[in-house]
Amino acid sequence: LEIRAGAELMRTDAVEGLKRLAARHALADFIFIDPPYKNTEEHERILDYLDGAHLVAPRGCVLMEHFRKTALPERFDRLERFRLVEQGDASVSLYRLAAAA
């Protein structure tokens, strides 16, 4: 990508990386997640962490790519899916903070 500044590469587990960002009090407008399709437990583990962490900005969006046949939860305590985009074997679930959260 030839990015020279403004980015950081973390070689770690996704949730561990998110924990590091949370410790810095980061607030993200967009969080893109693309775990391996076969590891469905990882999808929910990441979403569960984001649901309890305060990383998603008030109008932020979490984009989770997954296998089309993987059914992800529509709602967590604070996050809710507001859109599901399907193309071929892939899907992207888009989450935001629920209005009542």
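**Notebook: a predicted chain**

I started just after helix α1, where His-25 takes a positive phi of about 60°. Helices (H or I, at least four residues) and strands (E, at least two) are DSSP runs, numbered from the N terminus. I am reading a predicted model, in which local features need pLDDT of at least 70, side-chain atom pairs count only at pLDDT 80 or more, and totals for chains, interfaces and linings use all residues. Residues are numbered from 1 along each chain as its sequence is written, and side-chain values use heavy atoms, with hydrogens and water left out.

**Overall build**

I found two helices and four strands in the chain. Along the sequence they follow the pattern α-β-α-β-β-β. The C-alpha trace spans about 35 × 35 × 20 Å along its principal axes. I then looked up burial. Buried means under 20% relative accessible area, exposed over 50%, partly exposed in between (1.4 Å probe, protein chains only). Buried residues make up 34% of the 101 residues.

**Helix α1**

Which residues of α1 (residues 14-23) are buried? They are Val-15, Gly-17 and Leu-18. Seen down the axis of α1, these buried residues fall within an arc of 160°, so they line one face of the helix. The arc is that of the directions from the helix axis to the C-beta atoms. I next checked what covers them, and the cover includes α2 (40-52). At the start of α1, a side-chain oxygen of Asp-13 reaches to within 3.0 Å of the backbone nitrogen of Val-15.

I moved on to strands β3 (residues 79-87) and β4 (residues 90-97). They pair in the antiparallel sense over eight bridges. Two strands pair if DSSP finds at least two bridges between them. Gln-87 has its bridge partner in β4, Ala-90. β3 and β4 form a hairpin with two residues between them. In the turn, Gly-88 has a positive phi of about 65°.

**Aromatic rings**

Rings of Phe, Tyr and Trp (its six-membered ring) pair if their centres lie within 6.5 Å; planes under 30 degrees apart count as stacked, over 60 as edge-to-face and the rest as tilted. By this rule I get three aromatic pairs. Phe-30 and Phe-32 form one that is stacked, at 6.2 Å centre to centre with 20° between the planes.

How values were computed
Contact means heavy atoms within 4.5 Å. A polar contact is a pair of N or O atoms within 3.5 Å; within protein, one must be able to donate a hydrogen and the other to accept it, and residues adjacent in sequence count only if both atoms are side-chain atoms.
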